[in-house]
Amino acid sequence: MKDERGLYYFPNAADHRARMYVRRGEDGGVQFRLWQSDHPDVWDRHQWLDLRVIEDAARLYREERNADADPLRLYDAAVARALLEEAGL
(Lines give C-alpha, C1' and ligand atoms only; values in the text may rest on other atoms or scores of the structure.)
Protein backbone atom coordinates (compact mmCIF):
# COMPACT_ATOMS: atom_id res chain seq x y z
CA MET A 1 0.00 0.00 0.00
CA LYS A 2 1.05 3.57 -0.44
CA ASP A 3 0.10 6.97 0.93
CA GLU A 4 1.72 10.40 1.28
CA ARG A 5 4.45 8.98 3.55
CA GLY A 6 5.35 6.18 1.16
CA LEU A 7 5.01 2.40 0.88
CA TYR A 8 3.75 0.55 3.93
CA TYR A 9 2.32 -2.65 5.32
CA PHE A 10 0.42 -3.40 8.51
CA PRO A 11 2.75 -5.18 10.97
CA ASN A 12 -0.38 -6.57 12.65
CA ALA A 13 -3.04 -7.39 10.06
CA ALA A 14 -5.78 -7.16 12.69
CA ASP A 15 -4.76 -3.66 13.80
CA HIS A 16 -4.57 -0.92 11.19
CA ARG A 17 -3.56 1.76 13.70
CA ALA A 18 0.12 1.00 13.04
CA ARG A 19 1.89 1.09 9.70
CA MET A 20 5.42 0.05 8.87
CA TYR A 21 6.86 2.15 6.08
CA VAL A 22 9.61 0.81 3.85
CA ARG A 23 12.07 2.30 1.41
CA ARG A 24 15.44 1.60 -0.16
CA GLY A 25 18.44 3.15 1.54
CA GLU A 26 21.26 4.80 -0.36
CA ASP A 27 23.17 1.50 -0.25
CA GLY A 28 20.17 -0.36 -1.75
CA GLY A 29 19.23 -2.02 1.54
CA VAL A 30 15.77 -2.05 3.08
CA GLN A 31 14.86 0.62 5.63
CA PHE A 32 11.87 0.76 7.99
CA ARG A 33 10.01 3.49 9.86
CA LEU A 34 7.00 3.03 12.14
CA TRP A 35 3.90 5.23 12.23
CA GLN A 36 1.11 4.77 14.78
CA SER A 37 -2.19 6.63 14.79
CA ASP A 38 -2.33 6.41 18.61
CA HIS A 39 1.18 7.89 18.88
CA PRO A 40 1.90 9.99 15.77
CA ASP A 41 4.92 11.53 17.52
CA VAL A 42 6.76 8.20 17.05
CA TRP A 43 7.18 9.15 13.39
CA ASP A 44 8.85 12.42 14.32
CA ARG A 45 11.07 10.98 17.07
CA HIS A 46 12.41 8.01 15.12
CA GLN A 47 14.19 8.10 11.78
CA TRP A 48 14.53 5.47 9.08
CA LEU A 49 16.35 2.32 10.27
CA ASP A 50 18.36 -0.05 8.11
CA LEU A 51 17.38 -3.69 8.32
CA ARG A 52 20.97 -4.54 9.33
CA VAL A 53 20.75 -2.22 12.34
CA ILE A 54 17.40 -3.70 13.35
CA GLU A 55 18.73 -7.26 13.06
CA ASP A 56 21.83 -6.39 15.12
CA ALA A 57 19.73 -4.74 17.83
CA ALA A 58 17.34 -7.72 17.93
CA ARG A 59 20.26 -10.12 18.32
CA LEU A 60 21.69 -8.09 21.19
CA TYR A 61 18.28 -7.89 22.86
CA ARG A 62 17.87 -11.67 22.72
CA GLU A 63 21.41 -12.23 24.01
CA GLU A 64 21.27 -9.70 26.84
CA ARG A 65 17.64 -9.52 27.90
CA ASN A 66 15.27 -12.19 26.62
CA ALA A 67 16.34 -15.16 24.53
CA ASP A 68 12.71 -16.06 23.80
CA ALA A 69 11.73 -12.64 22.44
CA ASP A 70 11.31 -11.92 18.75
CA PRO A 71 11.86 -8.18 18.29
CA LEU A 72 11.87 -8.68 14.51
CA ARG A 73 8.20 -9.61 14.26
CA LEU A 74 7.29 -6.01 13.35
CA TYR A 75 9.94 -5.86 10.64
CA ASP A 76 9.06 -8.21 7.78
CA ALA A 77 11.93 -8.08 5.30
CA ALA A 78 10.16 -10.34 2.79
CA VAL A 79 7.05 -8.13 2.71
CA ALA A 80 9.20 -5.01 2.49
CA ARG A 81 11.19 -6.39 -0.45
CA ALA A 82 7.99 -7.46 -2.23
CA LEU A 83 6.48 -3.97 -1.83
CA LEU A 84 9.64 -2.33 -3.10
CA GLU A 85 9.89 -4.71 -6.05
CA GLU A 86 6.23 -4.21 -6.93
CA ALA A 87 6.80 -0.44 -6.90
CA GLY A 88 9.87 -0.84 -9.10
CA LEU A 89 12.26 0.38 -6.41
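## A tour of charged and aromatic contacts

Begin in helix 1, where aspartate 41 and arginine 45 both lie, four residues apart, about one turn of the helix; helices (H or I, at least four residues) and strands (E, at least two) are DSSP runs, numbered from the N terminus. This is a predicted model, in which local features need pLDDT of at least 70 and side-chain atom pairs count only at pLDDT 80 or more, while totals for chains, interfaces and linings use all residues. Residues are numbered from 1 along each chain as its sequence is written, and side-chain values use heavy atoms, with hydrogens and water left out.

With aspartate 41 and arginine 45 still selected, look for their salt bridge, in which the closest N and O atoms are 2.3 Å apart; the term requires a side-chain nitrogen of Lys or Arg within 4 Å of a carboxyl oxygen of Asp or Glu. Aspartate 41 is partly exposed at 36% relative accessibility, and arginine 45 is exposed at 52% (buried means under 20% relative accessible area, exposed over 50%, partly exposed in between, with a 1.4 Å probe and protein chains only).

Now turn to the aromatic cluster formed by Tyr8, Phe10, Tyr21, Trp43 and Trp48. A search of the whole structure finds five aromatic pairs, a term for rings of Phe, Tyr and Trp (its six-membered ring) whose centres lie within 6.5 Å, with planes under 30 degrees apart counted as stacked, over 60 as edge-to-face and the rest as tilted. Tyrosine 8 and tyrosine 21 form a tilted pair, 5.3 Å centre to centre with 50° between the planes; tyrosine 8 lies in strand 2 (residues 6–9) and tyrosine 21 in strand 3 (residues 18–24), so the pair ties together parts 13 residues apart in sequence. Tyrosine 21 is buried, at 0% relative accessible area, and its ring pairs edge-to-face with that of tryptophan 43, the centres being 5.2 Å apart and the planes at 70°.
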